[in-house]
Amino acid sequence: MTFEPEQLGQSGQELASMLRDLRKRAGLSGVRLAARCNMSQSKVSRIENGKVRPSLVDVEQILRALDAPPSMVAEVLALARMANTEWRNLRELRRKGLGTRQAELKALEASSMHMRYFLLSMVTGLLATPEYVRASLAHSPADTSKAIAGKLERQAVLYDTSKQFTFILTEQAVRWPAVSPLALAEQMDRLASLTYLPNVRIGVIPMGTPTPTNPLNTFTVYDASLVTIETSAGSLVLRDGRDIRSYLKEFSGYEESSLFGEAARAKLAEWSAACRS
């Protein structure tokens, strides 16, 4: 099955209809299918009506229960992966307004309890000083005033102690010259100060530190339900459990390579002093 990136995340209704048709062709009621899959009948109904996005594991269980032919299995699983993957084109995000994107992120942060951020090349808005936030959006052709306000407003979530945050930054992300040396030193000082928040862990990976894998992208894991991956052209949203577990494992590897607590603060102070000199 071939598809365009814009189709990702838009195949949920098609998947629901296909699963419903396969069940009817197999001569099974929703109740009997639910029993075979060890699911509730209400979940099967919500999947078939497109009200719940099934994971790939859910779809595999249903296909096995229906004894679907191999050719149909391949097609339905490809459709399920598309339904669990969403592409956010940067041009489309700019058309909607960068402020809208900040509102979406705020809602995602509000509904999540543990957020894990791997930052490869720059400091994220939640940790940024106002000057850094403005500089990070300076090259955008769109109006950035609402996006800047939204980024700064979102920082309040860090002080919600019912939530946990783990940030891992490479040395490149911390030291990337997005602002002047003095402003960058202030940004590093802010990172150090945030390490004292009881629900926030900030780790740094100094240049030359061995890591289990070679990092390719900035990514965020929200609980164990969703991953966003940032690229220069847009962002990819993954909802399939196996993809999420893969990124959680990758994140755990970077955690083991990171400096935290006093060691992280000492390294940040060293880099900050270098900027000021």
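**Helices and sheet**

Modeller: This is a predicted model. In it, helix H1 passes helix H5 in a left-handed crossing.

Biologist: Where do H1 and H5 lie in the chain, and at what angle do their axes cross?

Modeller: H1 covers residues 12-25 and H5 covers residues 70-83. Their axes come within 9 Å and cross at roughly 150 degrees. Angles over 145 degrees count as roughly antiparallel, and H1 and H5 are therefore roughly antiparallel to each other.

Biologist: Which residues of H1 and H5 meet?

Modeller: On the H1 side they are Gly12, Glu14, Leu15, Met18, Leu19, Leu22 and Arg25. On the H5 side they are Met72, Glu75, Val76, Leu79, Ala80 and Ala83. By class, this contact of H1 with H5 has nine nonpolar, one polar and three charged residues.

Biologist: Let us change topic. How many strands does the open sheet have, and what is their order?

Modeller: The open sheet has seven strands, in the order S1-S7-S6-S5-S2-S3-S4, and the pairing is mixed. Strand S1 (85-89) and strand S4 (200-205) are the edge strands, each pairing on one side only. On average, neighbouring strands of this sheet are turned by 15 degrees against each other, direction ignored.

Biologist: Take S5 next. Is strand S5 largely enclosed or open to the outside?

Modeller: Strand S5 spans residues 218-222, and five of its five residues are buried, so S5 is largely enclosed by the rest of the structure. Thr218, Thr220 and Tyr222 point one way from S5, while Phe219 and Val221 point the other way. Residues on both of these sides are buried.

Biologist: How many bridges join strand S2 to S5, and which way do the two run?

Modeller: Four bridges join S2, which is residues 114-119, to S5, and the two strands run antiparallel. The bridge partner of Met115 in S5 is Tyr222. Arg116 stands opposite Val221 in S5.

Biologist: And how many bridges join S5 to strand S6?

Modeller: Five bridges join S5 to S6 (residues 226-231), and these strands also run antiparallel. Thr218 of S5 stands opposite Glu230 in S6.

Biologist: What lies between the strands in the hairpin of S5 and S6?

Modeller: Three residues lie between the strands of that hairpin. In the hairpin, Asp223 takes a positive phi near 50 degrees.

Biologist: Which strand do bridges join to S1?

Modeller: Five bridges join S1 to strand S7 (residues 234-238), and the two run antiparallel. Thr85 stands opposite Leu238 in S7.

Biologist: Finally, the whole chain. How many helices are there, and how much of the chain counts as buried?

Modeller: The chain has 13 helices and seven strands. Of its 277 residues, 46% count as buried. The C-alpha atoms fill a box of roughly 75 × 40 × 35 Å, taken along the principal axes.

Biologist: Among contacts between residues at least 6 apart in sequence, what share joins residues at least 24 apart?

Modeller: The share is 77% of those contacts in the chain.

Conventions:
Residues numbered from 1 in each chain as written. Predicted model: local features only at pLDDT ≥ 70, side-chain atom pairs only at ≥ 80, totals over all residues. Heavy atoms only, no water. Axes fitted to C-alpha atoms, helices over the stretch in contact; angles between N-to-C directions. Parallel < 35°, antiparallel > 145°, perpendicular 65-115°, else oblique. Left-handed = near helix turned anticlockwise from the far one by under 90°. Contact = heavy atoms within 4.5 Å. Nonpolar A, V, L, I, M, F, W, Y, C, P; charged D, E, K, R; others polar. Buried < 20%, exposed > 50% of the residue type's maximum accessible area, 1.4 Å probe, protein only. Pairing = 2+ DSSP bridges.
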